[in-house]
Amino acid sequence: MRNRNFRLRIVATLVYAFLYIPLVIVVAYSFNNSRLNAEWVGFTLFWYETLFNNKEMLVAARNSLIIALSASILATALGTMAGLAIHRYKLKVLPIIVLSPVATPEILLGVSLLLFFLQVLNLTLGMISIIIAHTTFCIGFVAIIVRSRLQGMDWSIFEAARDLGASPWQCFHLITLPLIMPAVVAGALMSFTLSIDDFVITFFTKGVGEPILPIQIYTMIKTAVTPEVNAISTLLMLLTLAMIIIATKLDSGVLRGEVSR
Amino acid sequence: MALLEIRNVTRCFGDFTAVNNVNITIETGEFFTLLGPSGCGKTTLLRMIAGFDLPDSGQILLDGINILGIPPEKRPIHTVFQSYALFPHMTVAGNIAFPLKMAGKMPDEIKSRVKESLENVRLTNFADRFPHELSGGQKQRVAFARGLINHPRLLLLDEPLGALDAKLREEMQIELVNLQQEAGVTFVFVTHAQNEALALSHRIAVMNHGNVEQIDQPSKIYSFPRNRFVASFIGKTNMMDVQVLEATSSHLKLIVAGLGEITTPSKEGVQVGDSGTMIIRPEQVQIQPYSKEAEVKDHFRGIVHDYLYVGDVTTYIVELVNGIRIEALLPNSTPGRVKFFEVGDSVLITWRHDASTFLND
């Protein structure tokens, strides 16, 4: 028994090492006083300084923040409604419609959205098209989280509210919304995280002109991998990590909800 | 005019008829109970009165007005749910104040009425607690207070005592009756526990498979059940298959196969030759040791087959000569006495004619 535990622990350690060592290296070399990601020379904040003087990078960051904020707000509103509807009306099709973008390969979603924008909507690609695209795939995540929160709740609470004199709207904003709020906020943070570092769908639905952060990073790597890329990656990592930690703190069912979809 | 009138209400779910052509009239101030096994349609009926479900046909009138088109929040009817359904994000005071807030009462009035209500249910010190910090009995009292605070015309109670343990249940039953009398609100109480229904209600409607089997006062339901279902569902009962030998205005003479003749009170519409069931409650059956001299008319010989001691009383199961087993109940009024008879003892049983009832098939 003890022996088996020991082996399990080694396997687990190796898996985590495999996952996290590259990330640790990226972070470490963002402080390396050398142009090359090859050997450790000394500590510096020079690359962060360069980053903050890089106009295009700042514009890309601003664009990405705008997209992530807009998409997460839209996706949270729509996803919450979808989650409530899935829980309330036991329709078989609804969960499939709402949740399939979560499971669809990103490349497929990207291509189909591109075709949809160009051929059906006749939309000029740009910030708007990216926001719509990101909203599309974030709705499913919010819906999953909201529904998993509702599943653990006693439905008679909502009937009691109506019974005691609350209109459907009063019932929603006095009872339902406060009770699902942790899930709604968690869903919003999750959407923000998914949106800000999305590459594939953004790549297909972006226009020419405005730089977007993940695409910008990719472009930089194509020319040369400078520690500036490490620096921006580190910052991005910190931001998403913070979001996920807050999300899981708010609703411990967030991660479980994702698995049980 | 009756307070609540349920007229020819039917509700089906697919092929299943949950409520079948039910007619019930409830008067103001009554403690009315819907009693029946699970799946008998009592909760469905309650949900239709509250407004969470609609009948397929029939009417529900409150003060003579059809309320079927009115949404639950507009009906002057409140519900106490089985799970209590307290709002987990609101304090005790917040929960109790909720109906008043929804009714648009002024903050001063809300405050004083909540205070009064908290005193009524002895929860003044718990006003700022959240539901998860309360015991089962306390949650229960909050649910009652919340249901009653805005003086509904009708309070519906859906098995509200179901989740409590036996001791607390008994305490809450007394509290419930007191609350009803103080508030002067009409109660419609749903339960599957027959003793609870008998103890609390002014009148009981016994339901089975969506039908109302009998509506009457508890003592009438218990003493004069209308059919086999009511007789067997309410309390314990002995049943014997019988045939009518003689039917007069004063009595019925019945024949029990392998046992002999027995007499029961007369009943309208019974014909000679009818077959049916004779019922007699265990506490009405008298039991005595067998002796040749005592074996006179209406006394039946049997052997003690088994007994069950439950503290206050002992139930003896007596097997008669025709193989029928009759339960007889004896109070253990002598201190320390567990039983009067042993298994295998020869005994005689008898009962007063007017304690038994004949039921047509």
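Predicted model: local features only at pLDDT ≥ 70, side-chain atom pairs only at ≥ 80, totals over all residues.
Visitor: In what order do the elements of chain A run from the N terminus on?

Guide: Elements are DSSP runs, numbered from the N terminus: helices (H or I) have at least four residues and strands (E) at least two. From the N terminus on, chain A reads α-α-α-α-α-α-α-α-α-α-α-α. Residues are numbered from 1 along each chain as its sequence is written, and chains are lettered from A and ligands numbered from 1 in the order in which they are written.

Visitor: What box do the C-alpha atoms of chain A fill, and what percentage of its residues is buried?

Guide: A residue is buried if 20 or more other C-beta atoms lie within 10 Å of its own, exposed if 12 or fewer, and partly exposed in between, with C-beta atoms placed from the backbone. Taken along the principal axes, the box for the C-alpha atoms of chain A is roughly 70 × 65 × 30 Å. Of the 261 residues in chain A, 36% are buried.

Visitor: Which way do the residues of strand E6 of chain B point?

Guide: In E6(B), residues 77–80, Ile77(B) and Thr79(B) point one way, whereas His78(B) and Val80(B) point the other way, and all are buried. Two strands pair if DSSP finds at least two bridges between them. E6(B) pairs with strand E7 (residues 154–158) of chain B in the parallel sense, over four bridges. Within this pair, Thr79(B) is opposite Leu156(B).

Visitor: Which residues have the most contacts inside the largest nonpolar core?

Guide: A nonpolar core is a set of buried Ala, Val, Leu, Ile, Met, Phe, Trp, Tyr and Cys residues joined through C-beta atoms within 7 Å. The largest one has 94 residues, and those with the most contacts inside it are Ile49(B), Ile96(B), Leu156(B), Val188(B) and Val206(B). Helix H2 (residues 92–102) of chain B gives the largest share, six residues. Domain bounds come from an automatic or database domain assignment. Domain 1 (4–231) and domain 2 (236–360) of chain B both give residues to this core, so it lies between them. Apart from this core lies another, of 46 residues, including Leu113(A) and Val184(A).

Visitor: How far apart do the C-alpha centres of the two domains of chain B lie?

Guide: The C-alpha centres of domain 1 and domain 2 of chain B are 39 Å apart. Their contact takes four residues from domain 1 and five residues from domain 2.

Visitor: What is the strand order in the open sheet of four strands in chain B?

Guide: The order is E2-E1-E4-E5 (chain B), with antiparallel pairing. Strand E2 (16–26) and strand E5 (65–66) of chain B stand at the edges with a single partner strand each, so one side of each is left without a neighbour in the sheet. Between strand E1 (residues 4–13) and strand E4 (residues 57–62) of chain B there are five bridges. Arg7(B), for its part, stands opposite Gln59(B) in E4(B).

Visitor: Is Gly64(B) buried or exposed?

Guide: Gly64(B) is exposed, with 9 other C-beta atoms within 10 Å. Gly64(B) is placed in the loop between E4 and E5 of chain B.

Methods
Contact = placed C-beta atoms within 7 Å.
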